[in-house]
Amino acid sequence: DGRYLAITHSGQSRAEVMLFDIKQRKIVQSERLKDAWLGIEFSGNSLYVSGGNQNCVYTFKLRNGKLVARDSIILEEPLPKYKGSVAGLDVHNGVLAAVMRNDSSLRYYDLKSKRQERVQLGGMPYFCKYLADGTVLVSLWSSKKILAFKRSNLLFEIPTGDHPTEIEVDRKSRRAYVANANENSVTVIDLRAGKAIATVNTAIYPDSPEGSTTNSV
């Protein structure tokens, strides 16, 4: 509703999700998590957060300015029983899409039926993003490309820069922007044509080393 930001902490020290009140300009709630990574998405008043090596997605409801924990979505057994690690995620029309880094898979989870569908990928994924028609874009961290899926059907793949990470979509212009972490650049993709049309240099200075680093957009 434009009032709150949800923020994950998933690096050194403890994992947590924090609720930030934009009007008050302060963190109003912090919830400890067993593990977390980059995936986080509001869908209406529901919040979905990557559980990282717990191989789950935490779910919350935003009620009266507070996050209320609900049952987690269990995709697999936690590490070390299953080597997966939930990364990017997105929600569209009642279906959660999430990528798992270490087993190179895209997962669909129907929030109503609670059924899961797995799509095997050809490289290590990082992020996924729904388009308005239900197509899912997946960045392959290890393969210099993004893939476009309609459920389990691969529609097309598009070359990007090295180490593609986060994807942002401009639905009006039908363009996607992909951050390339190992090249300090952003690939611009024309989704109508299904091809890259430009590369934007984001280096702070000409000989900036790899990993300076463009990983979010």
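Me: How do the side chains of Arg107 and Asp103 meet?
Reply: They meet in a salt bridge, 2.8 Å from N to O. A salt bridge here is a side-chain nitrogen of Lys or Arg within 4 Å of a carboxyl oxygen of Asp or Glu. Keep in mind that this is a predicted model, so local features need pLDDT of at least 70 and side-chain atom pairs count only at pLDDT 80 or more, while totals for chains, interfaces and linings use all residues. Residues are numbered from 1 along each chain as its sequence is written, and side-chain values use heavy atoms, with hydrogens and water left out.

Me: Are Arg107 and Asp103 buried or exposed?
Reply: Arg107 and Asp103 are both buried. The cut-offs: buried is under 20% relative accessible area, exposed is over 50%, and partly exposed is in between (1.4 Å probe, protein chains only).

Me: What does Arg118 form with Asp103?
Reply: Another salt bridge, with the closest N and O atoms 3.6 Å apart. The pair links distant parts of the chain: Arg118 is in strand S11 (residues 116-120), and Asp103 is in the loop between strand S9 (95-100) and strand S10 (105-110), 15 residues apart. Strands are DSSP runs of E with at least two residues, helices are runs of H or I with at least four, and both are numbered from the N terminus.

Me: Why does Arg118 count as partly exposed, and why does Asp103 count as buried?
Reply: Arg118 is partly exposed because its relative accessible area is 42%. Asp103 counts as buried because its relative accessibility is 10%.

Me: Which residues are linked in that network of salt bridges?
Reply: Glu76, Asp103, Arg107 and Arg118.

Me: And how many salt bridges does the structure hold?
Reply: It holds 8. One of them joins Arg14 and Glu16, with 3.3 Å between the closest N and O atoms. Arg14 is partly exposed because its relative accessibility is 37%, whereas Glu16, at 9%, is buried.

Me: How does the lining of the largest pocket split by class?
Reply: It has 6 nonpolar, 3 polar and 4 charged residues. Nonpolar covers Ala, Val, Leu, Ile, Met, Phe, Trp, Tyr, Cys and Pro; charged covers Asp, Glu, Lys and Arg; the others, Gly among them, are polar.

Me: How much space lies in the second largest pocket?
Reply: About 190 Å³. Its lining includes Leu38, Tyr126, Phe127 and Ser216. Strand S4 (40-43), strand S12 (125-130) and strand S16 (164-170) each give two or more residues. By class the lining divides into 6 nonpolar, 2 polar and 4 charged.

Me: Switching to backbone. What kind of peptide bond joins Leu79 and Pro80?
Reply: A cis one, with omega about 10 degrees. Pro80 is in the loop between S7 and strand S8 (86-92).

Me: What about phi at Lys144 and His163?
Reply: Lys144 has a positive phi of about 55 degrees although it is not a glycine, and His163 has a positive phi of about 65 degrees, also without being a glycine. Most residues other than glycine have a negative phi, and most peptide bonds are trans. Lys144 is in the loop between strand S13 (136-140) and strand S14 (145-150), and His163 is in the loop between strand S15 (153-159) and S16.

Me: Why do Lys144 and His163 count as partly exposed?
Reply: Because the relative accessible area of Lys144 is 44%, and because that of His163 is 23%.

Conventions: 1 Å grid on protein atoms, 1.4 Å probe; cavity = no way out; pocket = protein on both sides within 12 Å on 5 of 7 lines; lining within 4 Å. Points joined across faces, edges and corners; volume = space filled by probe spheres on them.
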